[in-house]
Amino acid sequence: MDSLEIVFSGFLISALRSATPLLLALLGECLGQRTGVINLGTEGQMLIGAMAGYGATAALGDPWLGLAAGAGAGLLLSSVHAVLAIGAQANQFASGLAVWMLGFGLSAYLGAGLVGRKIASFDSVAAGPVAHWPIIGSVVAGMTPTVLIALLLVPAIGVWLYGTRTGLRWRAVGEAPDSARAAGVAPAWIQMQAVLAGGLLSGLGGAALSVDYTRTWAEGMSAGRGLVAVGLVIVARWNPWWTLPAALLFGGAEALSLRLQAADTPISAHLLHTLPYVASLVVLTLTYVRARDSGAPAGLKAVMDR
Amino acid sequence: MLTSLRNITKRFGTTLANDRVDLDLESGRVTALLGENGAGKSTLMKILFGFYRADAGAIVVDGVTVDVASPRAAAALGIGMVFQQFSLIPALTVRENLALTHPRLPWWLARGARAFADPVLRLGDIAPEVDPDALVSRLAVGEMQLVELVKVLNLEARIVILDEPTSVLTPAEAGRLRGEIRRIAAAGAAVALITHKLEDVFACADEVVVMRRGRVVARLRTADTGADDLVRLVVGEDALATARPVAAAPDAIVRCRIRALSASNETGAIADVDLGIAGGEILGIAGVSGNGQQTLADALTGLAIIRSGELIVDGETLQAARAETPAQPSVACLPEQPLRNAIAPDLSVAVNLMLKRIRDLPFLPDHARLVADAAALVHSFDIRPTDPALLAGTLSGGNLQKLVAARELSGTPALVVACCPTMGLDVAAAAAVYDALFAHARRGACVLWISEDLDDLMRYAHRIAVLYRGRVAGVIPATAATRQQLGAWMVGHAQAPVSDAVHA
Amino acid sequence: MPFMRSLAFSATGRLAIAVVAVLLLTGAFFAAIGREPVALLWLIARSAAGDGYALTESLVRTTPILLCALATALPARIGLITVGAEGQIYVGALLGTGFMLTNSAATGVWPCVAMVVVAMLAAAAWSMVPALLKARLGVNETIVTLLTNYIAALLVTWVVYGPWKNPASQGWPATAEFPAPFKPPTFFDSRVHVGLWLAIALAVALHLTLTRTRWGLTLDILRSNPRAGIAAGLHWRRNILLTMALGGMLAGLAGILETASIQGRLQANISAGAGFSGFLVAWLARNDCLRILPLSLLVGALLASGDGLQMLADLPSSISLVVQGLLFVGVLFAGGCLKRLERSHG
């Protein structure tokens, strides 16, 4: 392998690894917004997932149990949003922020004892014969199970949403709840399922962050990934297939900032850390500049434009 | 099979929508329910479809009294309804829309699989030219109506209710739909056709039931009935409540000029619209809904982004490209859907009546005086309830329309833009709005009147322009206009094709 | 007076139900972590207002929250849901501190005033990012403000670790201390500073402006239905920019006062979530500037009690964050249920 290839595959794997927690949350948020529910609480769900996942891994010694605990915690917290935004029909933005505050507070409170603890985490996946392929081999060899799970979920959710009866119903609910109801579908029930699925996936994303990516727990460690996910769903045009490039945008920006930092660039690390947020913001803006018809589910448009 | 509605009574608040109504629907027959807006036809059929519950009365199918508690229960009984407002989802394809309501849809929807082809089988019979994989948003209104019909037929409906199916169609599309309705009946279904058009009745109904003010006033066989009798039955004593037409002033000067106007907004776009309106003239704008009518109205009132061209009224440029001009006091506008376009629902009726004068209020507005000023307008336009301090959002649709009319038509604007201003009003209220609107033409103002009702346009307008895909397809004096010519322009043909002539 | 009537009926009823919901939720939470709920609530009350020191500390905590609540409520009057106060605090503090550092030798009264003005203008300029994106392109302002908040906080972290770091602070990331002429006056021999009185005066002034003037009516119309407002000749875009800018100024004021007066130097994480707490307060008050006054005191006291709890009950201070979140959840739940009840009873 020549050095360029090493640099490229190294960059790709670090972008993928840093994008994984975001990608999971993004997929979850994509499902929710598809049915017309926006959930700013994704951030809080990631935090509670990260805390629960790290705690479970530390206590039980198995990172798989950690991932399960994180997903469960995210699901549990998202039920608050489901009850508030769908059950009580509270404003979705306010409800999401409430869930975020609650998730932030709870994870900080419950995770206070986890700071500084060590855990045993995943090894890279066994690449087998693939390991000898150029570029792909070293990328696959650098993957951990959470990366693989996230990458497999993208086509799974994409095919499910566009190729099954339930997927069709979910899309119908997001486009026109009244028409969906007339077609014998219960919109509130489907929206609840979507919010809970979003909670599960963002909790899993949070656990992937603490258990696999950083392998530490710190208060507020998701650092806005959940909110970036909410914005990047718009960039991905509510299409699960597009969540991967959207997440890689953030992951790439973060990998780049870490790389530049390691290379002793004169630019401050803190300034470089703004890169993922600036990039997300710019791309978000460009999606609005390029097309008036953004492909947003009509039911969601009603929520966002009010 | 015989389905009977017995003694149906339904109240909404103090309004009696249905008053002890009896109706029979029989397999193989088309029964037209004829009546003006608000006569109670839709309410009656929504009760049959399980959308509303009757306060009293019963529904009897083949001698068995049934409880139609919900649209689902209705579907189980084989009752299907095509609503006036489409329930198709524009962002999905025709196939997906049909699949969504199909009773036996498999879990896996692979493209090209036989299972996913079932929902569109009937589409091939009824509308073979519609591509099942096209997005519904790309279909013409007439095609959407046919897809809606397929949706109901897919449910194996034995009783098919159609609510004003031809109201938004071009004459040619309407003719085709009437043919399909006859075919459905011939295949054994009982069809109930809600309409206020005599053409619908004569073209496809076996029997006509005339409703007025919530009651059935006549039940006749179409073959034994003449158009004049029906008109008299439909209108009844409301005959007095029609608006007085305005005499055309042949040599009036052009006060309002729309010059090469191109604009766009979220509802669509217009291009190179060039129209002049003389003082005292009523210029009607016809066209199938969604061909730029709303954009034209918005451009004239400062709501749409103008790409090029201008609006000149009495020599003064009021709207032009790139100039961020807000609405002008010399332009009044009666928009469609007042709640969406012209009403601040969280504020009082008084504030809503003063909306155009907010900028002229003192820095510290005197609320007591606002309410006092509003009381006079509330009275003269008969807005109910009469308390000007109530929130506008609590008013009914008809009263909102009256509120907007009171605000926009109480001054002396040079140009009045009206966009389907009588939609949803009963006959008397509609006549009042027309009278208030036409009074401005009589006074010498220009009136630009957008409507989907060709009959009304031909009765009251002086000239009629047709919009097709945002462009003016043709302009013709109302006296020379024929439905065929207007219909041809509405679908983009230059001339009326002979074969499309409507049997009316 | 419509205001009195709404207070007597809906607001009081709503508040009562919300209070019950919040007490139940927090009580359940305390029971779940193995604490006696009533005793712990009493402890929270005591450490928020038990003595003069606790009370003034609560007022100190209230000040930025009050200003941020106003900064959220004002754009909300035209229908914007912005969470930008958090970032505007940072930008105000950042540019205000920058002004102090470049003029640190100045004396007299003007340095402090000029610094505050610079901070307010900077935060207003920062708020133009979401405002312009909303007014010109229709980009959702909630999402944009959430993203820009992170950027603003990182900018402050950058300067305190990098170019503006005080070499004398021995590794602690902070700028040089604010010299006396840049310190806003304080009161009661405590840390309560001029910002509190300023914020209260601003709340009353804003309330009168929004409820009595033509401009307030203009905002009400544009919120209720922008299309109707624009058709009536009102300036939607201009008022979006204006309310966002004024809101930015209020949060910027909070940022620089907190930095100059309470912390005495710029450091990372200055806001301590005041922007979000302000959003919560504005929501609880339904954007009514008078109701914001008592509610920000309530939330400020709650957060201030966190420090007391750490000492008195050996609980991490983050418990007050949990209670704050439960407060928001409880109020939204009560409000939503009431709305449903109203609807079902016509």
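**Notebook: strand β13 of chain B and its sheet**

I started with β13(B): B:I282, B:G284 and B:A286 point one way, B:L283 and B:I285 the other, and all are buried (20 or more other C-beta atoms within 10 Å of a residue's own, C-beta atoms being placed from the backbone). This is a predicted model, where local features need pLDDT of at least 70, side-chain atom pairs count only at pLDDT 80 or more, and totals for chains, interfaces and linings use all residues. Residues are numbered from 1 along each chain as its sequence is written, with chains lettered from A and ligands numbered from 1 in the order in which they are written.

Five of the five residues of β13(B) are buried, so I note the strand as largely enclosed by the rest of the structure. Strands here are DSSP runs of E, at least two residues, and helices are runs of H or I, at least four, numbered from the N terminus.

Next I looked up the partners. Two strands pair if DSSP finds at least two bridges between them. β13 (282–286) runs parallel to β18 (446–450) of chain B, with four bridges; B:L283 has B:L448 as its bridge partner there. Four bridges also join β13(B) to β19(B), again parallel, and B:G284 is partnered by B:I464.

Then the whole sheet: I found it open, with six strands in the order β16-β17-β18-β13-β19-β20 (chain B) and mixed pairing. β16 (331–334) and β20 (471–477) of chain B are at the edges with a single partner strand each, so one side of each lacks a neighbour in the sheet.

Note on methods: Buried ≥ 20, exposed ≤ 12 C-beta atoms within 10 Å, placed from the backbone.
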